[in-house]
Amino acid sequence: MKLRTRINLSFFILVLMPSALMLLFLSCGLTLQKEKLKNTYGIDVGNLPPTFNWLIAFVAVAFIAAMIITAALLSLWLYNELSRPLRKLTNATRSIRDGNLDFQLQPEGMPELRELGEDFEEMRIQLKRANEEKVEFDRQNRELISNISHDLRTPITAVKGYVEGIMDGVADTPEKMDRYMQTIYNKTIEMDRLINELSFYSKISTNRIPYAFDRISVREFFGDAAEDLRTELEFRDFTFSYENTVAEDVEVIADAEQISRVMNNIISNAEKYTDKPEKKISIRVSEEGNEVQVAVSDNGKGIEAKNIANVFERFYRTDSSRNSAQGGSGIGLSIVKKIIEDHGGRVWASSHEGEGTTIYFILRKYTDSFSTQTVNSEEKKSRDGRRKRRKP
């Protein structure tokens, strides 16, 4: 039964029932009074002037009219108080049903209806936010697939060309054969890196990064990493330098494999955007109070000041053209940020156009009061917090 029908029915019940009862009581009362006056005092009420009877009728009609007007005003007030907010909620519900979330519901009416309207508006805001996040997530996934497809096609085409050259006998000397095989090997390494990056990105999206925190000697870990990087970079005609001013006994709590991934992603990013004839990359590790700071610098083309804040965002590329030689999926530095923040550190960048870029990240030192269990607990809290924020 609709609201209008219910109010109309209530109106008639409020008016007709009291009116009928009043007329019944009035009629019975008058009859009893007439009999009493006639038997007790010998007064015949039927002989009273007509004016008296009209007065009684007027009082009855006035009473009924007052009840009708009061009930009508009350019904109208209730209908307006209820129908206006409900009509707004109905229109808002239909808008959401039609996929339109770009409106604002202003709660009004009685406190209960205002509370309902506020809850509905909060639901609309969360639905709109979730919808925007889904659209952005879908866009990023499409961009990721496009980037990975492009970047895999390039080395695959190169491998195919060199293999065809070998099959056609173009590599007719041991030197050419070695060069062809080395190029094929390098391209397969590049494809393997891209596939690993994509696999790790899927773990980031579902918060399933497998961390294995342990105490790590800063001297030993970064010294070994620097030696491996030196060999690779010098093979690619880079000048590499490494400096570590941290004391021998300084340790950090970290996942060695993931910090290695951080270093490789930063170095890979530096390689892409170093375009000078004499290419340089340097690593400097130093102590900053209770923290260890790692700085990776290059002498590449640099980043515009307005873009510095965006370099750690997913899929952000300083060179948006897919025709550039650099390639890249655009998620390398976002992975760096994710890992470092999960270690309780922070990461940032500084750059000068035409001179180069430096990526910094911070790891906290290990102390007696700072254990692996503490880091694991903090990382778990971070994941739990993110899950709660995603809940509607």
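This is a predicted model: local features need pLDDT of at least 70, side-chain atom pairs count only at pLDDT 80 or more; totals for chains, interfaces and linings use all residues.
**Overall**

The protein has eight helices and seven strands. It is made of 392 residues, and 35% of them count as buried. If contacts between residues at least 6 apart in sequence are taken, 72% of them join residues at least 24 apart.

The elements discussed below are listed here.

| Element | Residues |
|---|---|
| Helix H4 | residues 174-205 |
| Helix H6 | residues 256-272 |
| Helix H7 | residues 332-342 |
| Strand E6 | residues 346-352 |
| Strand E7 | residues 356-364 |

**Helices H6 and H7**

Two packed helices are described by the angle between their axes and the distance between the axes. For H6 and H7, the axes come within 9 Å and cross at roughly 150 degrees. Angles over 145 degrees count as roughly antiparallel, so H6 is roughly antiparallel to H7. The crossing of these two helices is left-handed.

On the H6 side, the contact is made by Gln258, Ile259, Arg261, Val262, Asn265, Ile266 and Asn269. H7 contributes Gly332, Leu333, Ile335, Val336, Ile339 and Ile340. Sorted by class, the residues in this contact are eight nonpolar, four polar and one charged.

E6 pairs with E7 in the antiparallel sense, over seven bridges. In this pairing, His352 stands opposite Gly356 of E7. The hairpin formed by E6 and E7 has three residues between the strands. Gly354, in this hairpin, takes a positive phi near 80 degrees.

**Tyr180 in helix H4**

Tyr180 lies in helix H4. Is this residue buried or exposed? The cut-off for buried is under 20% relative accessible area. Tyr180 has a relative accessibility of 13%, and therefore counts as buried.

Which residues does Tyr180 contact, leaving aside its neighbours within four places in sequence? They are Tyr162, Gly165, Ile166, Val170 and Ala171. One of these, Val170, is 10 residues from Tyr180 along the chain, and the C-alpha atoms of the two are separated by 9.8 Å.

Key. Residues are numbered from 1 along each chain as its sequence is written. Side-chain values use heavy atoms; hydrogens and water are left out. Axes are lines fitted to C-alpha atoms, for helices over the stretch in contact, and angles run from 0 to 180 degrees between N-to-C directions. Helices (H or I, at least four residues) and strands (E, at least two) are DSSP runs, numbered from the N terminus. Angles under 35 degrees count as roughly parallel, over 145 as roughly antiparallel, 65 to 115 as roughly perpendicular and the rest as oblique. A crossing is left-handed if the near helix is turned anticlockwise from the far one by less than a right angle, and right-handed if clockwise. Contact means heavy atoms within 4.5 Å. Ala, Val, Leu, Ile, Met, Phe, Trp, Tyr, Cys and Pro count as nonpolar, Asp, Glu, Lys and Arg as charged, and the others, Gly among them, as polar. Buried means under 20% relative accessible area, exposed over 50%, partly exposed in between (1.4 Å probe, protein chains only). Two strands pair if DSSP finds at least two bridges between them.
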